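This report describes selected features of one protein chain. It covers record annotations, aromatic contacts and a surface patch.

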Amino acid sequence: MNEIFTLLSFGDMGWGDEIALGIVMTVSLALASLPFGLLLGFLLALAKKSQEPSLRAAANVYTTIFRGLPELLTLFLVYYGGQILIQQVLSLFGDIYFEVNAFIAGMIALSLVFSSYASEAFLSAFRAIKQGQYEGAAALGLGYVHTMRLVILPQLVRLALPALSNLWLILLKETSLVSIIGLADIIRYSNMAARTTKEPFLFFAVACAIYLVLAVISSGGISRLDAWAKRGEASR
C-alpha cells in the first residue's frame, strides 16, 4: 500500500504531478472544443432547416462524413493532412517548416465530430418548437434576429440540452484519442507511468477513476444547468 501511495504521490518519487497535468490538459481540450462544436452544430442545424437546397445538401454531406468516419481517423486527417496542406502553402514563400500543434489539431477534430452530432440535437429541438411561436413573434413585430434571440433560442436550449449533455460526456471521453498524436493528457501520462513503473493495472485503474469522477462532476453541473433552463416551467 505504501508503494502505491509513493507511485501516486507528488514530487520526484511519484507520478501525481504528471497525472494532474494530464487532467488539466484533458479538461482544457474538452472545454476548448465545446463552444466551437456547439456553434458549428447550431449553424449546421440552421442550414438543414433552410429553404435553400444547396445549404441543406452541404450540411447533410458534412454530417454524414463526420458521423461516418471513426473519430481517430478524423484526428489523423486533421493533424497530418493539415500539416501537409500548411507546409505546401508555406513552400510558396520559401523554405519554411511548420509543425501543427497537437492541441489545436485535437480541438479542430473533436469540434468537427461534435458539431455533426450536435446539429441533429439542435435540428430535433427546432422541429419540436411549434410554428405558432414564429407566427406570434412576427405578430409582435419582431424580426428574424430578435425572434431567434428572444423566443426561439431559450426554448431551443431547453429542448436540446439532454442530447447535448450526452454529447459532452462523449466529448470528454474522446479527448483520450489525442494521446496518439503526442498530447500529454490523462491517457498518455498514465501509459508513460505504466511503462516506467511496470504497474499498468494501477495507473490505468487511476485513469478510469479520474474519468468517472469527471463524468460525475459533469453530470452534477448538467443537472444544475437543466434546472436553470427549466426554471420558467416551474412557475407555470
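The text below takes the annotated spans, then the aromatic rings, then the surface.

**Annotated spans**

The model is predicted. An unreviewed UniProt entry lists residues 23-223 as "domain: ABC transmembrane type-1". In the model this span is 82% helix and 0% strand, and its end C-alpha atoms lie 22 Å apart. The unreviewed UniProt entry also gives "transmembrane region" for residues 20-47, 59-82, 102-126, 138-161, 167-189 and 201-222. Among these, residues 20-47 are 100% helix, with 41 Å between the end C-alpha atoms. Residues 167-189, by contrast, are 52% helix and 0% strand, and their end C-alpha atoms lie 25 Å apart.

**Aromatic contacts**

With ring centres within 6.5 Å as the criterion, the count comes to five aromatic pairs. One of them joins F42 and F122 in an edge-to-face arrangement, with 5.8 Å centre to centre and 80 degrees between the planes. This pair connects distant parts of the chain, since F42 belongs to helix α2 (residues 16-48) and F122 to helix α5, 80 residues apart. F42 counts as buried because its relative accessibility is 16%, under the 20% limit. F122 is likewise buried, at a relative accessible area of 8%.

Y79 and Y80 form another edge-to-face pair, 4.9 Å centre to centre with 75 degrees between the planes.

**Surface patch**

L85, V89, L92, F93 and I96 form a nonpolar patch on the surface, with about 550 Å² of accessible area together. I96 lies in the loop between α4 (71-90) and α5 (102-128). At a relative accessible area of 37%, I96 is partly exposed.

| Residue | Relative accessible area | Class |
|---|---|---|
| F42 | 16% | buried |
| F122 | 8% | buried |
| I96 | 37% | partly exposed |

How values were computed
Residues numbered from 1 in each chain as written. Predicted model: local features only at pLDDT ≥ 70, side-chain atom pairs only at ≥ 80, totals over all residues. Heavy atoms only, no water. Patch = residues over 30% accessible without salt bridge, like charges linked within 9 Å, V, L, I, M, F, W, Y side chains within 5 Å. Areas by Shrake-Rupley, 256 points an atom, 1.4 Å probe, with all protein chains shown as cover. Salt bridge = Lys/Arg side-chain N within 4 Å of Asp/Glu carboxyl O. Helix = DSSP H or I, 4+ residues; strand = E, 2+ residues; numbered from the N terminus. Buried < 20%, exposed > 50% of the residue type's maximum accessible area, 1.4 Å probe, protein only. UniProt positions renumbered as here; feature names shortened; annotations may be inferred. Phe/Tyr/Trp six-rings, centres within 6.5 Å; stacked < 30°, edge-to-face > 60°.
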